[in-house]
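Hello,

Here is the structure we discussed, with the sequence. My notes on it follow below.

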Amino acid sequence: MSEKKLFKVIDGWNLEINNFDKEQLVHYGSNLLCGNGYLAYRGTLEEWDKEQYKACIVSDTYDMADGKWRELTNAPDGLLTQIYIDDRKIGHYPGSKYSETQLGFDYRYGIFKRKSEIEKNKFNISIESERFASYDNLHMIANKYQINNLDLVDKFELKIGIDGDVWNLNGEHLNNFVGEYDSEKQILYLKAETVEKKIDIVTALAFKLDNAEIRNIKIENKEKSIFLILEIDVEGINQVEMQRNIIIYSSNDLEDPLAAAVSNAEKSIKKSYNDLLDEHQDIWNKKWELLDIKLKGNQMDQLALRFNLYHNIIATPAHSDKLPIGARGLSCQAYQGAAFWDQEIFNLPMFLFTETETAKNILKYRYHTLDGARKKAKDLGYDGSFYAWISGKSGEELCPSFFFKDVISGRKIRNHFNDWQIHVSPDISYAVWQYFIASDDIEFIINYGAEILFEVARFLHSRLHYNQYKDQYEIIRLLGPDEYHENVDNNAFSNYQSKFALKKALYFYFKLNNEFPDQLDKITKKINLSEDEITAWQELAEKLYLPKPDPQSKLIEQFDGYFKLEDTKAEELEKRLINKEEYWGWPNGVAVFTQVIKQADVIQLFTLHDIFSQEVVEANYNYYEPRTQHGSSLSPSQYAITAAQIGNPEETYRYFEKSAYIDLKSTNKAVSGGTFIGGIHTAAAGGIWQLIVNGFAGMRLNKKSLSFDPVLTEEWEEIEWKITYKNQKLDCILNHNHFVIKSSSKNTKNLILNVFGKDYELKVGEEIEVKF
């Protein structure tokens with residue numbers, strides 16, 4: 001599908017969709033998503049319903065309706081709108097012959113816009129609407145709705161209200177609906193209850209008409225909905241303008257969500273739409289001051305870059321330290337609104353160097369879910385904390401044992417994401433270490449991080465196997481990041497991450513013992529940590545087997561026996577498919593007995609650990625790159641970063657295009673192995689920040705300092721971004737002539753930074769310039 005057909009770039013923040021394509025409804029809904037980390041409303045037209053994938057997903061509303069999938073709840077829709085002209089319903093519905101719609105989105109402020117011309121052959125009515133999910137009032141979606149060209153209309157009715165018959169992926173989550181209308185306050189509400197957890201969810205709607213009078217109001221109260229039919233006097237007027245705010249609360253937010261929703265709705269409607277928008281924009285302006293990356297030389301790429309930054313921001317529940325970042329954010333119910341390893345390895349780094357408090361909240365979520373991780377470990381016969389592969393609010397495992405189905409036989413496939421994919425736990429330990437060396441926040445380690453590290457080390461102690469013949473510890477029966485190959489031994493990525501996690505647990509044990517012995521004593525007593533365990537961790541860290549680069553080829557084998565598998569390419573495997581929807585992986589997919597891998601695995605090592613020579617990195621990149629299918633949206637950004645490491649910025653740019661446009665150009669499928677997996681790929685969105693800063697800028701974080709080895713594609717003229725490092729604000733500019741790092745005059749200390757292997761002292765208020 002051509003770019004022109006998909007969207008038009010207005011500037012570096014805005015796009016328009018002029019060629020409305022009903023085949024793109026899933027992608028429109030996700031790409032044009034208004035969100036704020038608490039809730040998100042899909043980019044759909046007001047007159048649509050669940051058949052067009054309409055949804056408002058709310059955080060902290062996990063519920064199971066089908067006995068298998070626990071997912072976030074889609075709240076009752078408070079924006080449903082139907083227009084009646086002379087008793088005839090009109091609107092732009094999929095398949096409408098004489099209606100045209102232009103969609104737009106502003107990624108600076110998260111504003112959805114639509115302009116429609118309805119039944120141009122007869123009425124030529126136009127609709128203009130815009131909305132945003134407020135960052136000033138997290139429970140509110142504000143909407144400005146206008147109907148034009150009413151000169152020749154005799155009878156005009158507007159049906160508005162709250163519809164509880166919503167789109168769900170896995171069962172109906174809501175029942176026990178109660179709706180009422182307060183005519184004095186002009187506030188409508190619908191209260192419902194989730195079927196499993198009995199969470200009360202309230203949607204309240206407040207509205208006002210700015211330039212028209214209501215002749216009559218009819219209340220239509222149905223089993224799952226409540227509507228108002230407004231008969232509006234349009235004599236002598238050309239348009240009707242309506243402002244409305246929908247307010248959503250759940251009983252997980254506070255004890256009385258109904259009272260809170262009604263009160264919030266009553267207060268918010270007293271302000272104009274523009275005043276609400278100003279308050280919302282003020283917060284976004286502060287966010288972009290830290291988070292924006294400015295790109296010169298390609299407006300399309302600038303828009304794509306900000307598209308991804310925006311979606312990583314709105315997917316993150318920055319308001320809470322007890323909620324995860326979902327693999328599809330709040331764009332739909334796919335992947336259950338739950339965290340994977342993506343959260344720490346892909347989403348978190350952007351916040352680590354910009355909104356440090358948000359990064360801390362992400363890690364505190366893992367602290368608050370330690371008990372869920374302990375339960376999983378115990379249930380599987382291990383000690384310590386084995387974090388859930390799919391983690392919701394409690395941290396207990398949400399990943400079902402049968403994730404996919406065989407589309408040929410119709411039988412369920414037993415995957416082992418939930419018991420063999422252990423790297424999620426050391427990945428979290430890795431993130432704790434990164435946070436510490438970027439922030440020097442020892443209080444976080446004392447209060448939260450140390451316990452995470454110690455419990456992960458405990459888990460690894462119980463999970464590793466001792467090979468007496470080789471006098472080494474090994475990790476058997478694994479999945480690495482490449483999910484096509486299950487039940488493998490000594491996956492290189494998992495082994496390296498596990499040794500790293502053990503070493504950092506030991507580092508902080510001895511650091512706290514030396515510097516904060518009283519605090520360490522409290523932690524060890526709380527979790528009953530013994531000296532014998534510390535001794536055992538030392539032996540594990542020393543003797544854990546790490547697959548090393550071959551002396552001749554420099555290659556690291558992805559897992560034991562990988563090089564003995566059939567050596568072929570993804571293109572060849574596609575020819576072997578009986579059904580194009582087949583799952584390629586375990587136990588009998590077309591990739592299982594070949595070297596074709598789903599995503600970056602060994603390559604993922606190089607993006608996290610700067611311990612390998614340039615020669616090793618390049619050899620492995622050249623080997624694994626043609627054997628990688630990129631069946632995961634996580635993969636392209638990691639290959640891009642590694643391409644930059646070996647000095648190939650044009651290859652980095654090629655992967656930037658592949659990664660940055662996964663959602664914007666709708667390149668990924670919405671269904672895999674019979675399972676709906678649509679929505680925004682939030683890890684890919686977070687990976688784009690890494691691709692720019694760790695890829696083109698070549699930034700690496702180690703205990704000593706930040707280092708940079710920048711390269712820049714010929715496709716761009718310049719990139720500019722900001723980072724926060726050890727609470728110091730830095731401005732960075734990279735072009736084809738120089739690399740500049742500026743220290744804010746408000747900083748409090750000088751920094752040692754490394755550029756191209758040379759140390760520089762960056763003084764407060766001054767800059768470093770390295771010319772090329």
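This is a predicted model: local features need pLDDT of at least 70, side-chain atom pairs count only at pLDDT 80 or more; totals for chains, interfaces and linings use all residues.

**Helices α10 and α12**

The axes of helix α10 (residues 442-463) and helix α12 come within 11 Å and cross at roughly 45°. Axes here are lines fitted to C-alpha atoms, for helices over the stretch in contact, with angles running from 0 to 180 degrees between N-to-C directions.

Residues are numbered from 1 along each chain as its sequence is written, and side-chain values use heavy atoms, with hydrogens and water left out. Helices (H or I, at least four residues) and strands (E, at least two) are DSSP runs, numbered from the N terminus.

Which residues of α10 and α12 meet? On the α10 side they are Ile-446, Ala-450, Glu-451, Phe-454, Glu-455 and Arg-458, and on the α12 side Gln-519, Leu-520, Ile-523, Lys-526 and Ile-527 (contact means heavy atoms within 4.5 Å). Some of these residues also belong to a network of salt bridges that links Asp-371, Arg-374, Glu-451, Glu-455, Arg-458, Lys-526 and Glu-533.

**Salt bridges**

A search of the whole structure finds 47 salt bridges (a side-chain nitrogen of Lys or Arg within 4 Å of a carboxyl oxygen of Asp or Glu).

- Asp-521 and Lys-525 form a salt bridge at 3.1 Å, N to O. Both residues lie in α12 (residues 517-527), four residues apart, about one turn of the helix. Asp-521 is partly exposed at 34% relative accessible area, and Lys-525 is exposed at 60%. (Buried means under 20% relative accessible area, exposed over 50%, partly exposed in between, with a 1.4 Å probe and protein chains only.)
- Arg-306 forms a salt bridge with Asp-292, with 2.9 Å between the closest N and O atoms. This pair links distant parts of the chain, 14 residues apart: Arg-306 is in helix α5 (residues 299-314), and Asp-292 is in the loop between α4 (273-291) and β20 (293-296). Arg-306 counts as buried because its relative accessibility is 7%, and Asp-292 counts as buried at 10%.
- Lys-376 and Glu-397 meet through their side chains in a salt bridge of 2.6 Å, N to O. Lys-376 lies in helix α8 (residues 370-379) and Glu-397 in the loop between α8 and β21 (402-405), so the pair ties together parts that are 21 residues apart in sequence. Lys-376 is buried, with a relative accessible area of 6%, whereas Glu-397 is partly exposed, at 23%.

**Strands**

Strand β13 (residues 156-163) is mostly covered, with eight of its eight residues buried. Strand β7 (residues 81-85) runs antiparallel to β13, and five bridges join the two (two strands pair if DSSP finds at least two bridges between them). Within that pairing, Ile-83 has Leu-158 of β13 as its bridge partner. β13 is also joined to strand β18 (residues 225-233), again antiparallel, by eight bridges. There Asp-163 has Ser-225 of β18 as its bridge partner.

Strand β16 (residues 200-209) is likewise mostly covered: eight of its ten residues are buried. Strand β15 (residues 187-194) pairs with β16 in the antiparallel sense over seven bridges, and Tyr-189 has Ala-204 of β16 as its bridge partner. β15 and β16 form a hairpin with five residues between them, and in that turn Lys-198 has a positive phi of about 60°. β16 pairs with strand β19 (residues 240-250) as well, antiparallel, over nine bridges. In that pairing Ala-206 stands opposite Asn-245 of β19.

**Two further items**

Helix α6 (residues 342-352) is mostly covered, with eleven of its eleven residues buried. Among them are Asp-342, Glu-344, Phe-346 and Phe-351.

Is Glu-235 buried or exposed? At 67% relative accessibility, Glu-235 counts as exposed. Glu-235 is found in the loop between β18 and β19. Its C-alpha lies 9.3 Å from that of Ala-212, 23 residues apart in sequence.

Regards
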